[in-house]
Amino acid sequence: MMLLENTPKHRLRTIKGVTDMTMPPNHEWTPERVQELTKLWATGLSASEIGRRLGITKNAVVGKVRRLDLAMRRAPAQPKREPNVVTLDRLKANQCSWPEGDPGQDDFRFCGSPAVMGKPYCEKHCAIAYVPPKKKQSANAA
Ligand SMILES: [Zn+2]
């Protein structure tokens, strides 16, 4: 009941000078109503609650919010991947392209460590990829 004082309905009626109780209000997006919607949306109320206050359906609220391109609340635009994950599109020429994880999985990534000059991998992965010719070395030393 107290909530009614916050709705712009009486104000709108005064402005328009008509009692439009019978008019379907959901087709009427006056600047005042848009402002009210934006305000209510920002407070974190649910779409259905906002709809109730504005006298429109939840779908009308959601639809209008989409059209207004209001930031979607409670869904902070967090990237799914951690920022340090090196994906194929982020991999640079001087970064280790050693694949980590399953290519079919979401967490598939590349090592991304600084690559050894002239090699596609970092020191650690070069050691795995290219088995150092130790035998030859020790043979030479002997
Ligand atoms: Zn590496």
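Biologist: In which helix does Arg33 lie?
Modeller: The model is predicted, and local features need pLDDT of at least 70, side-chain atom pairs count only at pLDDT 80 or more, and totals for chains, interfaces and linings use all residues. Residues are numbered from 1 along each chain as its sequence is written. Helices (DSSP runs of H or I, at least four residues) and strands (DSSP runs of E, at least two) are numbered from the N terminus. In these terms, the helix that holds Arg33 is α2.

Biologist: Does Arg33 count as buried or exposed?
Modeller: A residue is buried if 20 or more other C-beta atoms, placed from the backbone, lie within 10 Å of its own, exposed if 12 or fewer do, and partly exposed in between. Arg33 has 20 C-beta neighbours inside 10 Å, and therefore counts as buried.

Biologist: How many Å separate Arg33 and Leu54, C-alpha to C-alpha?
Modeller: Along the sequence, Arg33 and Leu54 are 21 residues apart. Arg33 belongs to the α2 side of a contact with α3, and Leu54 belongs to the α3 side. In space, their C-alpha atoms are separated by 7.7 Å.

Biologist: At what angle do α2 and α3 pack?
Modeller: Axes are lines fitted to C-alpha atoms, for helices over the stretch in contact, and angles run from 0 to 180 degrees between N-to-C directions. The axes of α2 (residues 31-43) and α3 (residues 47-54) are 10 Å apart. The packing angle of the two helices is about 145°.

Biologist: Which residues of α3 make the contact with α2, and how many of the contact residues are charged?
Modeller: Two residues are in contact if their C-beta atoms, placed from the backbone, lie within 7 Å. From α2 come Arg33, Glu36, Leu37, Leu40 and Trp41, and from α3 come Ile50, Arg53 and Leu54. By class, Ala, Val, Leu, Ile, Met, Phe, Trp, Tyr, Cys and Pro count as nonpolar, Asp, Glu, Lys and Arg as charged, and the others, Gly among them, as polar. The contact has five nonpolar residues and no polar ones, and its charged residues number three.

Biologist: Which residues of α3 are buried?
Modeller: The cover over the buried residues of α3 includes α2 and α4. Seen down the axis of α3, the buried residues fall within an arc of 100°, so they line one face of the helix; the arc is that of the directions from the helix axis to the C-beta atoms. The residues in question are Ala47, Ile50, Gly51 and Leu54.

Biologist: Why does Gly51 count as buried, and which residues does it contact beyond four places in sequence?
Modeller: Gly51 lies in helix α3. Gly51 counts as buried because 21 C-beta neighbours lie inside 10 Å. Leaving aside neighbours within four places in sequence, the contacts of Gly51 are Ile56, Thr57, Lys58, Ala60 and Val61.

Biologist: Which residues of α4 meet α3?
Modeller: The axes of α3 and α4 come within 7 Å and cross at roughly 105°, and the two helices are therefore roughly perpendicular to each other. By class, their contact has five nonpolar, two polar and one charged residues. On the α3 side stand Ala47, Ser48, Ile50 and Gly51, and on the α4 side Lys58, Ala60, Val61 and Val62.

Biologist: Which residues does Trp98 touch, not counting those up to four places away in sequence?
Modeller: Trp98 lies in the loop between α4 (58-68) and β1 (99-100). Trp98 is buried, as 20 other C-beta atoms lie within 10 Å. With the stated exclusion, Trp98 touches Phe110, Cys111, Tyr121 and His125.

Biologist: In what order do the elements of the protein chain run?
Modeller: The protein chain has six helices and two strands. From the N terminus on, the order is α-α-α-α-β-β-α-α.

How values were computed:
Parallel < 35°, antiparallel > 145°, perpendicular 65-115°, else oblique.
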